[in-house]
Amino acid sequence: MGLLSEALSRVEPSATIAISQKARQLAAAGRDIIALSAGEPDFDTPEHVRNAAIAAINAGKTRYTNVDGIIELKEAVAAKFRRDNGLEVTAADCFVASGGKQIIFNALMATLNPGDEVVVPVPYWVSLS
């Protein structure tokens, strides 16, 4: 009996990661590449964001947060929607997660039942196929 489960042998590598790796290899070889696979920006994290992250670490904000995000961030998101979109939104209306796929997964897990049908339009994330 091996250390790894049988189920793990059926897991295939992420197509997104494979495409990203190929883009990095081509760029390293001197090719002019615009990588659209992982959804990462093509610029470094802005200095004010890096400084805020460092300040948060130095302030000890290095623990797990509530599942729906920290209150300060949810309040900032709500303020943005009120200011920029004219929506009456409070922090209680907001949910913050690590990325788009996480949000979609959470929304579907919270609302779908056995037998429900989901239509996935094309184009879509390769990992959703």
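Predicted model: local features only at pLDDT ≥ 70, side-chain atom pairs only at ≥ 80, totals over all residues.

**Points on the model**

1. Serine 20 is buried, its relative accessible area being 8% (buried denotes under 20% relative accessible area, exposed over 50%, and partly exposed in between, with a 1.4 Å probe and protein chains only). This serine belongs to helix α1, residues 15-28 (helices are DSSP runs of H or I of at least four residues, strands are runs of E of at least two, and both are numbered from the N terminus). Leaving aside residues up to four places away in sequence, serine 20 touches Ser37 and Ala38 (a contact requires heavy atoms within 4.5 Å).

2. Residues are numbered from 1 along each chain as its sequence is written, and side-chain values use heavy atoms, with hydrogens and water left out.

3. The protein chain contains 4 helices and 0 strands. In sequence order, the pattern reads α-α-α-α.

4. As to overall dimensions, the protein chain has a radius of gyration of 20 Å, while a compact globule of 129 residues would have one near 14 Å (the radius is taken over C-alpha atoms, and the globule rule is 2.2 Å times the number of residues to the power 0.38). Along the principal axes, the C-alpha atoms fill a box of roughly 50 × 50 × 40 Å.

5. Of the 129 residues in the protein chain, 8% count as buried. Among contacts between residues at least 6 apart in sequence, 29% join residues at least 24 apart.

6. Glutamate 6 lies in the segment before α1. This glutamate is exposed, at 61% relative accessible area. Its side chain makes a polar contact with the side chain of arginine 10, at 3.5 Å (a polar contact is a pair of N or O atoms within 3.5 Å; within protein, one must be able to donate a hydrogen and the other to accept it, and residues adjacent in sequence count only if both atoms are side-chain atoms).

7. Is isoleucine 34 buried or exposed? With 72% relative accessibility, isoleucine 34 counts as exposed. The residue is placed in the loop between α1 and α2 (47-58). From C-alpha to C-alpha, isoleucine 34 and alanine 23 are 7.9 Å apart in space, and they are 11 residues apart in sequence.
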